[in-house]
Amino acid sequence: MVRKLGDLYHQLKEQLSPVSDAPEYEAREILLQKLGAAPADILMNRSVELDDACQAELDTLVKRRLDHEPLQYLLGEWSFYGRSFLVGEGVLIPRPDTEILAETVLSFLQDREGPLRVLELCGGSGCLAATIALEQPRARVWSVEKSPEAFSYLTRNCERLRADVCCVAGDALDPGVVEGDFDCILSNPPYLSARDMAELSPEVQREPFMALYGEEDGLFFYRELTRLWKKRLKPGGMLAYEIGMGQQDDVADILTRHELTDVCQVRDYGGIIRVLTARLSDAP
Ligand SMILES: C[S@@+](CC[C@H](N)C(=O)[O-])C[C@H]1O[C@@H](n2cnc3c(N)ncnc32)[C@H](O)[C@@H]1O
């Protein structure tokens, strides 16, 4: 059947509006990515040949979205730091705020000389590990992920992007999972509290519990990862965490109690303190 893209766009927008805060954006993304349309095709209301299979796929996407599945899972990929990462059920969707952690780590590595060893704990889709490996060729990067579903995305994304990351299926709470010391250890761990979990939107509830829940107060992983991994930093090495809104004082307290120094805060594009870093002293 021949359909006009502008009409399809308006129809999709109406269909998605009960569940979406941005139905125009979502309708456009679906048409661009699933029908291979160009933005001008929609604006000019150009015709498109929609066979039965294609129409059925669009209908299924709308049904899944009305069931609160996130747009990113429907599209099957999402952008992070200018690259596209495969996403779907079982893996956390990369967030723009997390780019701040990537930038902070890259800037630290740039100022450090020689070959570099970088460890990411709680790798998820691989957005951080792959970005760091691709942007800083002097870095040898490891990424540890416990969930088998997320691990499959981690390996596929690193392969697809040709990012030289050593993907480790294992528990970040077991420091035996990777050997050696590191110039930088980073993590965007699960950091939502029990209270946060009770207030999640239906879309975020579709993301893996294991990627979100940081125990009762949300700080479990900051306490444990700092305790277990601080000894694995090289002298002058940096521990870098993404944190949730308002967690900076508690996480800074954890870092200083473990005798890490130079605690620094970095804000995200919305002005929220999103990253905390600390250093292991240079002195032996
Ligand atoms: C907040 S997500 C971050 C994912 C990715 N690094 C990002 O920034 O988008 C946390 C990840 O930690 C993983 N995870 C939870 N507990 C873990 C553990 N004990 N060991 C390793 N990974 C764990 C989850 O499966 C999830 O993929």
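Me: Buried, partly exposed or exposed: which is H68?
Reply: H68 has 14 other C-beta atoms within 10 Å. Buried takes 20 or more other C-beta atoms within 10 Å of the residue's own, exposed 12 or fewer, and partly exposed falls in between, with C-beta atoms placed from the backbone. So H68 is partly exposed.

Me: What kind of model is this, and how are residues numbered?
Reply: The model is predicted: local features need pLDDT of at least 70, side-chain atom pairs count only at pLDDT 80 or more, and totals for chains, interfaces and linings use all residues. Residues are numbered along each chain as its sequence is written, from 1.

Me: What is the phi of H68?
Reply: H68 sits in the loop between helix 4 (52–66) and helix 5 (71–75). Helices (H or I, at least four residues) and strands (E, at least two) are DSSP runs, numbered from the N terminus. Most residues other than glycine have a negative phi. H68 is not a glycine, yet its phi is positive, at about 75°.

Me: Where is R162, and what is its phi?
Reply: R162 lies in the loop between helix 8 and strand 7 (165–169). R162 is exposed, because 9 C-beta neighbours lie inside 10 Å. Though not a glycine, R162 has a positive phi of about 55°.

Me: Why does L154 count as buried?
Reply: L154 belongs to helix 8 (residues 148–160). Leaving aside neighbours within four places in sequence, its contacts (C-beta atoms, placed from the backbone, within 7 Å) include G123, S143 and C167. L154 counts as buried because its C-beta neighbours inside 10 Å number 29.

Me: Which residues of helix 7 contact helix 6?
Reply: The axes of helix 6 (residues 99–110) and helix 7 come within 10 Å and cross at roughly 35°. Those axes are lines fitted to C-alpha atoms, for helices over the stretch in contact, with angles from 0 to 180 degrees between N-to-C directions. Helix 6 gives L101, A102, V105 and L106. Helix 7 gives L128, T131, I132 and E135.

Me: How many residues surround the ligand?
Reply: The closest are C122, G124, K146, A172 and A211. Helix 7 (127–135), strand 6 (139–145) and helix 11 (209–212) each give two or more residues to the shell. A residue is near if its C-beta atom, placed from the backbone, lies within 6 Å of the molecule or strand. The total surrounding the ligand is 23.

Key
Two residues are in contact if their C-beta atoms, placed from the backbone, lie within 7 Å.
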